Amino acid sequence: AVGGAIRVFKGQHASSSPLHFADAVTIHPLEPALLRWGLWFSCCVAHPAVTFRMSAVEAVGGYRDEAQGVEDYDLWLRLACGQPESTRHGGVSNVPQLVLLHRRHANNATAQTETSQARRWAALKAVVQAMEAVLFRKVESNHARTLRDPASGECVGDYAGAMRLLEDLETEACQREGEAYVYESLHARDLVRNDATNRIGEIAVTALQRFGSDAIEVWQAWAKRNPQAQVAMLRGLLS
């Protein structure tokens, strides 16, 4: 499956009404390794801009009824984050070219469902299933939820679990083998590691802010990973 850049506009008809464009064209991650990493946190493939090979989609089960509201996201996760042997199905990628002008209005299906709780839970379920497939272990939904949205953690255990989960995903991403997922450059692998470090820092800071000394082990785990940055963050927290 191949997606592309999109530009959003508002108006009744693109041909007859003035077009009120968004400020910028949205370009999603281009390198397959970075796109695959980004899918753990959000849907970074624009469904209306995608062209795919039907045989590849059918090979991974196509659109699933149980993923109602996030059928596209669920499909991209299975195509991009499947086991290495599934690379023969082609995976998912984006091109930088603008391929779609997307009209947004109050009656859009996306506009009506993107904030719904049912849609958020469906997306979380799809992500958890994909994580379990690549990590070969059970993934707690509250850990995955906290990883994707640190403010949603309900206890220190959620933050500790989210941190371990993120580290496992980072290790899997950087060690993954398979023709379709070979890193195009060491730079891409460094970007994944840097992003993981930043996200772990956000998890640790949020846990410390919400639970104080009870979250010190979460903070210490991050401090071992990035001792220089933790000093700056501590100063910010104490100021």
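Biologist: How close do the axes of H3 and H5 come, and at what angle do they cross?

Modeller: In this predicted model, the two axes come within 9 Å and cross at roughly 10 degrees.

Biologist: Why are H3 and H5 called roughly parallel to each other?

Modeller: Angles under 35 degrees count as roughly parallel. The axes of H3 and H5 cross at roughly 10 degrees, and the pair is therefore described as roughly parallel. On the H3 side the contact is made by Tyr-73, Asp-74 and Leu-77, and on the H5 side by Ala-123, Ala-126, Val-127, Gln-129 and Ala-130. By class, these comprise six nonpolar, one polar and one charged residues.

Biologist: What makes helix H3 largely enclosed by the rest of the structure?

Modeller: A residue is buried when its relative accessible area is under 20%. Nine of the 10 residues of H3, which spans residues 71–80, are buried, so the helix is largely enclosed. Among the buried residues are Asp-72, Trp-76 and Arg-78. The buried residues of H3 pack against H1, H2, H5 and H6.

Biologist: Is Glu-172 buried or exposed, and why?

Modeller: The limit for buried is under 20%. Glu-172, in helix H7 (residues 156–175), has 14% relative accessibility and therefore counts as buried.

Biologist: What makes the link between the side chains of Glu-172 and Arg-36 a polar contact?

Modeller: The cut-off for such a pair of N or O atoms is within 3.5 Å. The side chains of Glu-172 and Arg-36 are joined at 3.0 Å, as a polar contact. Glu-172 also touches Val-134 and Leu-135.

Biologist: How confident is the predictor in the protein chain, by pLDDT?

Modeller: The chain averages a pLDDT of 82, and 76% of the residues score at least 70. Over residues 14–20 the pLDDT stays under 50, and over residues 177–183 it is below 50. Where pLDDT is low, predicted coordinates should not be read in detail.

Note on methods
Residues numbered from 1 in each chain as written. Predicted model: local features only at pLDDT ≥ 70, side-chain atom pairs only at ≥ 80, totals over all residues. Heavy atoms only, no water. pLDDT = per-residue confidence, 0-100. Contact = heavy atoms within 4.5 Å. Buried < 20%, exposed > 50% of the residue type's maximum accessible area, 1.4 Å probe, protein only. Helix = DSSP H or I, 4+ residues; strand = E, 2+ residues; numbered from the N terminus. Axes fitted to C-alpha atoms, helices over the stretch in contact; angles between N-to-C directions. Parallel < 35°, antiparallel > 145°, perpendicular 65-115°, else oblique. Nonpolar A, V, L, I, M, F, W, Y, C, P; charged D, E, K, R; others polar. Polar contact = N/O pair within 3.5 Å; in protein donor to acceptor, adjacent residues only side chain to side chain. Lists of a residue's contacts leave out its neighbours within four places in sequence.
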